[in-house]
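Please look through the chain shown below before reading the notes that follow.

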Amino acid sequence: MSENEKLNEAHEADAAERFLADAAALDPALDPEAAEIPATDKDTPIIFLDDVKVTFKTRTGSILHPNKVQAVKGLTLKLMPGETIGIVGESGCGKSTTANVMCGLQKPTSGRVFFKGKDVTNRTAADRRVIGRVISVVFQDPATALNARMTIHDQLIDPMIVHKVGDTAYREKRVHELIEMVGLPESVLDALPGQMSGGQRQRVAIARALSLKPDAIIADEPTSALDVSVRAQILNLLMDLKKELGLAMVFISHDIQTVRYISDRIVVMNGGLAVEEGTAEQIFDNPKDDYTRLLLGAAPSLLHPDLGKTA
Ligand SMILES: Nc1ncnc2c1ncn2[C@@H]1O[C@H](COP(=O)(O)OP(=O)(O)OP(=O)(O)O)[C@@H](O)[C@H]1O
């Protein structure tokens with residue numbers, strides 16, 4: 001086992017312990033949904049996609065599949081506690097559809113979806129409660145992800161009200177914790193999203209995603225809509241948070257260098273299929289698939305040169 005693998009293993013074990021401690025931290029009397037959420041176990045995947053296929057009806061389609069687009073053609077993927085998986089591939093390869101299945105927005109046409117061992121394929125009301133508590137999403141464009149008419153304070157407290165988590169005192173305390181976690185001053189709590197910069201808005205979107213203490217975050221191109229000068233800061237913030245909170249993460253990008261920077265494991269997608277999967281080292285040092293080699297030799301990274309320096 002390489003030094004890196006040993007470090008990853010130790011980190012995952014730490015992360016799993018932190019999950020269990022965190023899950024026990026909120027008084028069950030203040031969290032009526034908690035009983036429905038399966039306990040975190042380091043050997044059970046947070047998300048397990050079992051041979052998932054997604055087909056969309058369209059006006060055109062292909063010769064083989066008229067009026068249909070097969071966005072995902074049979075994907076099996078496990079996200080373990082504390083792990084970060086990067087999904088990379090060019091536009092149209094099925095990354096966002098996969099993300100949508102992973103966060104319960106899209107029902108698969110076939111295959112099964114498990115969250116912490118619970119089958120949530122059919123997305124019943126009870127399944128959706130589990131999905132909402134286990135997974136949070138950070139989308140590409142924070143301007144559209146946030147409500148333009150709600151103050152930052154209200155956007156952060158809203159998920160706790162919807163999920164009936166905590167009492168007023170708990171929720172207020174959590175709002176202040178969240179804003180501190182993402183490195184914003186408390187003065188922004190009274191602001192509206194339109195009064196903030198793109199980078200600050202993405203920090204708010206990340207804080208909101210963390211409000212229910214999820215096990216995992218799905219970040220779908222979270223830096224693509226941002227000015228190049230703040231991309232590195234947001235990536236570093238995500239890296240710090242996943243380490244500090246022991247979060248699992250699915251990081252989706254068409255930029256393989258960005259994915260390499262943040263991921264423990266990389267899945268390369270092409271035409272709705274995972275064509276290659278491995279650690280960043282395996283993918284970069286010894287790519288097996290022609291398409292991976294093509295991606296590696298493709299466009300220069302969109303990363304800012306400051307990446308890796310303190311956020
Ligand atoms: N709701 C939909 N209806 C019909 N076709 C769709 C729908 N959503 C996605 N598709 C098609 O499915 C395929 C995969 O799309 P998807 O958005 O998952 O790819 P992607 O890799 O995320 O691309 P991008 O990086 O451009 O967002 C594409 O051919 C797309 O046109």
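This is a predicted model: local features need pLDDT of at least 70, side-chain atom pairs count only at pLDDT 80 or more; totals for chains, interfaces and linings use all residues.

Of its 311 residues, 42% count as buried, and among the contacts between residues at least 6 apart in sequence, 70% join residues that are at least 24 apart.

- Six strands form an open sheet in the order 6-7-8-3-9-10, and their pairing is mixed.
- Strand 6 and strand 10, the latter covering residues 273–279, stand at the edges with a single partner strand each, so one side of each is left without a neighbour in the sheet.
- Neighbouring strands of this sheet are turned against each other by 20 degrees on average, when direction is ignored.
- Strand 7 and strand 8 (residues 248–253) run parallel and are joined by five bridges, and Ala-219 stands opposite Phe-251 in strand 8.
- Strand 3 is also joined to strand 8 by five bridges, again running parallel, with Thr-84 placed opposite Met-249 of strand 8.
- Strand 3 pairs with strand 9 (residues 265–270) in the parallel sense over four bridges, and the bridge partner of Ile-85 in strand 9 is Arg-265.

**A strand covered on both faces**

- In a regular strand the side chains alternate between the two faces of the sheet.
- Strand 3 covers residues 84–88, and five of its five residues are buried.
- Both faces of strand 3 are covered, with Thr-84, Gly-86 and Val-88 buried on one side and Ile-85 and Ile-87 buried on the other.

- The largest nonpolar core holds 76 residues, of which Leu-79, Met-102, Ala-216, Ile-218 and Val-250 touch the most other members.
- Helix 7, which spans residues 198–210, gives the most to this core, with six residues.
- Not counting residues up to four places away in sequence, Leu-79 touches Pro-45, Ile-46, Ile-47, Ile-85, Ala-216, Ala-248 and Val-250.
- In helix 3 (residues 125–134), the residues Val-130, Ile-131, Arg-133 and Val-134 are buried, and the buried residues of helix 3 pack against strand 4 (110–115), strand 5 (118–119), strand 6 (135–138) and strand 7 (216–220).

**Around the ligand**

- There are 13 residues around the ligand, and Phe-56, Ala-71, Ser-91, Ser-96 and Thr-97 come nearest.
- Strand 1 (47–61), strand 2 (66–79) and helix 2 (95–102) each supply at least two residues of the shell around the ligand, and helix 2 gives the most, with three residues.
- By type, the residues of this shell divide into four nonpolar, eight polar and one charged.

**A loop residue, Ala-225**

- Ala-225 lies in the loop between strand 7 and helix 8 (228–245).
- Leaving aside neighbours within four places in sequence, Ala-225 is in contact with Gln-140, Asp-141 and Gly-198.
- The C-alpha atoms of Ala-225 and Thr-58 are separated by 28 Å, and these two residues are 167 residues apart along the chain.

Note on methods
Residues are numbered from 1 along each chain as its sequence is written. A residue is buried if 20 or more other C-beta atoms lie within 10 Å of its own, exposed if 12 or fewer, and partly exposed in between; C-beta atoms are placed from the backbone. Two residues are in contact if their C-beta atoms, placed from the backbone, lie within 7 Å. A residue is near a molecule or strand if its C-beta atom, placed from the backbone, lies within 6 Å of it. Ala, Val, Leu, Ile, Met, Phe, Trp, Tyr, Cys and Pro count as nonpolar, Asp, Glu, Lys and Arg as charged, and the others, Gly among them, as polar. A nonpolar core is a set of buried Ala, Val, Leu, Ile, Met, Phe, Trp, Tyr and Cys residues joined through C-beta atoms within 7 Å. Two strands pair if DSSP finds at least two bridges between them. Axes are lines fitted to C-alpha atoms, for helices over the stretch in contact, and angles run from 0 to 180 degrees between N-to-C directions.
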